[in-house]
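Reader: I'd like to learn how to read salt bridges, strand pairing and a chain interface. Could you take me through them, please?

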2 protein chains.
Amino acid sequence: MNELSIVRLIRSLAQSRAPGVVAGIGDDCAILRPRPGEDLLLTTDFLIEDVHFRRGTHSGADCGWKALARGFSDIAAMGGTPRACLVSLALAPWTGAGWVRAFYRSLNQLAACHNAAVIGGDTSRAAKLACDIVVLGAVPRGRALRRDGAKPGDVICVTGSLGGSALGLASGKAPALRRHLRPEPRLEAGRLLRTRLRATSCIDVSDGLALDLHRLCLESKVAADLWGPLPSFPGASLEQALAGGEDYELLFTLPAQRRLPASVAGIPVTAIGAIRSGKPGELTFAGAPLTPRGWNPRFS
Amino acid sequence: MNELSIVRLIRSLAQSRAPGVVAGIGDDCAILRPRPGEDLLLTTDFLIEDVHFRRGTHSGADCGWKALARGFSDIAAMGGTPRACLVSLALAPWTGAGWVRAFYRSLNQLAACHNAAVIGGDTSRAAKLACDIVVLGAVPRGRALRRDGAKPGDVICVTGSLGGSALGLASGKAPALRRHLRPEPRLEAGRLLRTRLRATSCIDVSDGLALDLHRLCLESKVAADLWGPLPSFPGASLEQALAGGEDYELLFTLPAQRRLPASVAGIPVTAIGAIRSGKPGELTFAGAPLTPRGWNPRFS
């Protein structure tokens, strides 16, 4: 396959028609028409062979789903709605047309579930497969849920369960493995956190509860105490729940007086701690200091 | 360097303040506020070690400049103005903090020249360095210069000179080498092609004149005859001018009756052929069939 034939294949598979898309794949740039009164959200996420996935564990369909789900999860964490995505794919020598087809079919399926269009990207080759996804989303002007709004006294809450993805990767067994391979971005829950619960801050749990809570606290210039027990995925260890990462649940804060419902958009929610003043980013768990560990690859 | 320290370094270097940027690096997504009456342009481009650059030829500063210049060139080809970019960088084992600093300083310098902000990205590691750039630009509503507007009878024109980048890569000598390492995106020329010359179509010469003209003709469903001589860079061969690629000049079409000025935004422009009806994408050069060759990497 050469670049022209790859682009032809991608174009035949991509769902590029959606409201607001003036031009999709096929020109120097894609053209989008923003709606009045909306802010735009932009996020980009790598999915790289032997860093974020392994050929033996992840099929082309798993990779396509997961690449986009990670970007959608960032949009969910801002309380937004995904509108469009661009998919850059550098193919390895082992990647054939069948893999590319499975990748795009699965990615398009997730995009279509949320009425988002695939409007462009780039293709190349590389020694190991590398994918980079850009997702463009929207939120009513000035209303994005941010990391920097947590206040001392706020309750810390999380959607769903933690540690399932790490358990699935370690055990290779269903149902935990499905959590690792096909995460469900919490888009509807994110919008309800913004509109109904009026959360003060939010982040998605992509790199592990401890590390992502640390990041939220750094941006909000606060410290946090986790109480436990955590809403662990059945069978997941405490370490997997605290630092496993890739759960793609939403970690958010609410003023103490606000009533927490049992679930949001059908996903259970659990209060797991409280924000306090202190050294920004400092964490405790069950009364002891907690290291902000998780997915944090070392470079050289 | 771990991910947090890379992000801290990038954040300290990035010029993320610009009109319309509500939030830059530091949250799940960047937030942008679009201006009324504008369409958005989106493009993404890989820069991968041993595919698009080599460590021995390109410094960190060259890579930063070139990565962004390629995206800006796509915005130029639509007659647009760049507003913001996101930079995803997967570092190789050999990449140190000095390389990353030089990369971002140079990238920021080009961004600042055009009042564009660096508002986000992703970091990772990989066996070979991989960069993916997203550029978001703007153009008045419905006015983007596209590839699909060329009509039989239109004159084919090009800005600047061709083959300099390929000559520079082959010879390793100035001034051609500078064309390869530090291309100047033709942003002002692109805007004038849209507003003053009212070009009917446009594409940037990134993969070679023959291949990019072929692509423009495919989108416009027309054929094209090139006359020669081409405006070659001094010392460049005909093959380098026809198929060398990476010149980042603008290839555009004008109705035959429109007067072509000698230069646009200070860049010389030359008429090099004409659009005709025929098999879409079919090309001739000096009366003989021309294969649409250029930069077109084979995948496995």
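Reader: Let's start with Arg293(A): with which residue does Arg293(A) form a salt bridge?

Author: A salt bridge is a side-chain nitrogen of Lys or Arg within 4 Å of a carboxyl oxygen of Asp or Glu. In this predicted model, Arg293(A) forms one with Glu239(A), and the closest N and O atoms are 2.7 Å apart.

Reader: Where do Arg293(A) and Glu239(A) lie in chain A?

Author: Glu239(A) sits in helix α8 (residues 238-243) of chain A and Arg293(A) in the segment after β14 (288-289), so the pair ties together parts that are 54 residues apart in sequence. Helices (H or I, at least four residues) and strands (E, at least two) are DSSP runs, numbered from the N terminus.

Reader: Before we go on, what are the ground rules for the numbering and the values?

Author: Residues are numbered from 1 along each chain as its sequence is written, while chains are lettered from A and ligands numbered from 1 in the order in which they are written. This is a predicted model, where local features need pLDDT of at least 70, side-chain atom pairs count only at pLDDT 80 or more, and totals for chains, interfaces and linings use all residues; side-chain values use heavy atoms, with hydrogens and water left out.

Reader: How many salt bridges does the structure hold over all chains?

Author: The total is 34. Some join up: Arg179(A), Arg186(A), Asp247(A) and Glu249(A) are linked in a network.

Reader: On to strands. Which strands of chain A pair with β9(A)?

Author: Two strands pair if DSSP finds at least two bridges between them. Strand β9 (residues 223-226) of chain A and β12 (residues 267-276) of chain A are antiparallel, with four bridges; Ala223(A) stands opposite Arg276(A) there. β9(A) also runs parallel to strand β13 (residues 283-285) of chain A, joined by three bridges, and Asp225(A) stands opposite Thr284(A).

Reader: Which strands pair between chain A and chain B?

Author: Strand β2 (residues 30-32) of chain A pairs with strand β3 (residues 38-48) of chain B in the antiparallel sense, over three bridges. Ala30(A) has Leu42(B) as its bridge partner.

Reader: How many residues are in contact between chain A and chain B?

Author: Contact means heavy atoms within 4.5 Å. By that rule, 68 residues of chain A are in contact with 68 residues of chain B. Buried area is the accessible area (1.4 Å probe) that two parts lose on being put together, summed over both; here that is about 6,200 Å², with 57% from carbon and sulfur atoms.

Reader: How many salt bridges are there between chain A and chain B?

Author: Six. One salt bridge is where the side chains of Arg147(A) and Asp27(B) meet (3.6 Å, N to O). On the side of chain A that touches chain B, strand β3 (residues 38-48) of chain A gives the most, with ten residues.
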